[in-house]
Amino acid sequence: MNHFYRSFQRRLEANRGRKPEFLFRSLSSEPGSSLVEHLRLESFKGPVISASKRALLDEKLVDFFKRNYDRVEEELGESLGKASFSMFRRDLLGIDARVLRRVGRLHLSDVEKMLEDPHTKHDEVFFDGMVRHARIFFKTSFEESVRNKFVADLRLPHQLYPEARSKKRKIIYHHGPTNSGKTYTAMEALKKSKNGVYAGPLRLLALECFERLNRAGVYASLLTGQEIKEVPFATHTSCTVEMMSVTEEYEVVVIDEIQMIGDADRGSSWTRVLLGANAKEIHVCGDGTAVELVKHLADLCGDEFEDHAYVRRTPLTVKAESLEGKLTNLKRGDAVIAFRRQDLFRLKHDIERLTDLKC
């Protein structure tokens with residue numbers, strides 16, 4: 001408003017001695033109806049677009065916005081795009097040549113040429129002018145829109161983790177059947193490191209590794225969504241995948257059950273820790289279904305990749321006959337598998353109640 005006030009003062013000085021009618025011009029004849037817009041129009045000199053050409057320009061602007069709505073929404077977002085177009089349209093139709101250049105780097109002569117041929121489209125001129133206009137009048141919202149656009153752009157997800165991209169990482173894939181030694185090898189590397197983290201899919205697995213590390217004399221803390229155990233002077237952490245930090249720097253990271261990267265519900269958590277782990281050495285364990293995917297991601301990130309295959313020494317067989325629905329037919333050494341924690345506790349309770357076996 002200081003600019004408008006100074007312009008108003010200059011008009012007073014220039015019209016000193018005259019009757020003050022010039023201060024009370026009707027606002028109805030101006031393109032806008034507000035006092036602020038009236039002052040803004042009065043503060044500049046230069047030709048204003050005529051009413052007939054303004055109507056033609058308005059029609060071109062509306063057609064432009066309809067054709068380029070998706071492009072505007074992608075660039076500025078839905079709400080900011082609509083607000084920017086509304087203000088750009090208002091200013092372009094109502095402001096004189098000097099303001100026209102300021103908001104969009106457009107010249108009145110350029111607009112006149114646009115209107116000579118009503119069938120010619122000027123999408124690039126309007127689009128560039130509207131974006132520059134948004135940068136001026138919606139500076140904070142525009143910057144926030146740019147940040148949101150960057151975060152939401154998942155075409156290059158590995159670029160979301162600058163700490164990990166700043167170093168040359170080594171990814172070692174341990175794959176094989178159950179009890180083939182793949183996780184054991186990775187945990188031995190974790191024990192020998194100065195600091196590191198184990199990330200697994202289940203709280204019970206995180207608890208098992210937490211106890212294993214501390215029994216080996218490696219001070220480790222436990223971090224899950226249900227439980228936190230902080231150990232004094234801990235250098236290592238055992239956690240569930242969702243709880244792993246991608247900003248803290250580690251020497252060794254172990255990511256268990258890597259094949260869950262393809263899970264529809266939780267797969268994004270494995271993607272996050274694999275791409276974002278800020279460590280020199282990353283051990284991933286699981287079956288072989290994700291080898292090609294992990295190798296592709298390693299190449300994408302510029303990381304070194306190693307593939308270690310394991311074979312189970314003791315064969316694992318499925319019983320030819322069923323239990324006939326009776327837990328009393330279980331024998332020592334049998335493995336009972338369930339996929340929900342409630343089912344596990346229920347089966348454990350029933351087995352120990354009906355048999356002399358301990359789970």
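The charged end of arginine 71 sits over the ring of phenylalanine 127, at 3.8 Å from the ring centre. A charge sits over a ring if NZ of Lys or CZ of Arg is within 6 Å of the ring centre and within 35 degrees of the ring normal. This is a predicted model, in which local features need pLDDT of at least 70 and side-chain atom pairs count only at pLDDT 80 or more, whereas totals for chains, interfaces and linings use all residues. Residues are numbered from 1 along each chain as its sequence is written, and side-chain values use heavy atoms, with hydrogens and water left out.

**Overall composition**

- The chain contains 15 helices and eight strands; helices (H or I, at least four residues) and strands (E, at least two) are DSSP runs, numbered from the N terminus.
- Of the 359 residues of the chain, 38% count as buried, where buried means under 20% relative accessible area, exposed means over 50%, and partly exposed lies in between (1.4 Å probe, protein chains only).
- Among contacts between residues at least 6 apart in sequence, 69% join residues at least 24 apart; a contact means heavy atoms within 4.5 Å.

**Aromatic rings**

- The structure holds two aromatic pairs; rings of Phe, Tyr and Trp (its six-membered ring) pair if their centres lie within 6.5 Å, and planes under 30 degrees apart count as stacked, over 60 as edge-to-face and the rest as tilted.
- Phenylalanine 65 and tyrosine 69 form an edge-to-face pair, with 5.6 Å from centre to centre and 90° between the planes.
- Phenylalanine 65 is buried, at a relative accessible area of 15%, whereas tyrosine 69 is partly exposed, at 26%.
- The rings of phenylalanine 65 and phenylalanine 85 are stacked, because their centres are 4.1 Å apart and their planes lie at 15°.
- Phenylalanine 65 belongs to helix H3 (residues 51-67) and phenylalanine 85 to helix H5 (residues 78-94), so this pair ties together parts that are 20 residues apart in sequence.
- Phe65, Tyr69 and Phe85 form one aromatic cluster.

**Cysteines**

- A disulfide is a covalent bond between the sulfur atoms of two cysteines.
- It is counted here as a pair of cysteine sulfur atoms within 2.5 Å, and by this rule the count comes to zero disulfides.
- The sulfur of cysteine 285 is 9.3 Å from the closest cysteine sulfur, that of cysteine 209, which is too far for a bond.
- Cysteine 209 is buried, with a relative accessible area of 3%, and cysteine 285 is buried, with 0%.

**Strand E6 and its partners**

- Five of the six residues of strand E6 (residues 250-255) are buried, so E6 is largely enclosed by the rest of the structure.
- Strand E2 (residues 196-200) runs parallel to E6 and is joined to it by four bridges; two strands pair if DSSP finds at least two bridges between them.
- Alanine 199 stands opposite isoleucine 255 in E6.
- Five bridges join E6 to strand E7 (residues 279-286), and these two strands run parallel.
- Isoleucine 255 stands opposite valine 284 in E7.
- From E6 the chain crosses through helix H13 (residues 267-276) to E7 in a right-handed β-α-β crossover; right-handed means that, with the strands pointing away from the viewer, the path from the first strand over the helix to the second runs clockwise.
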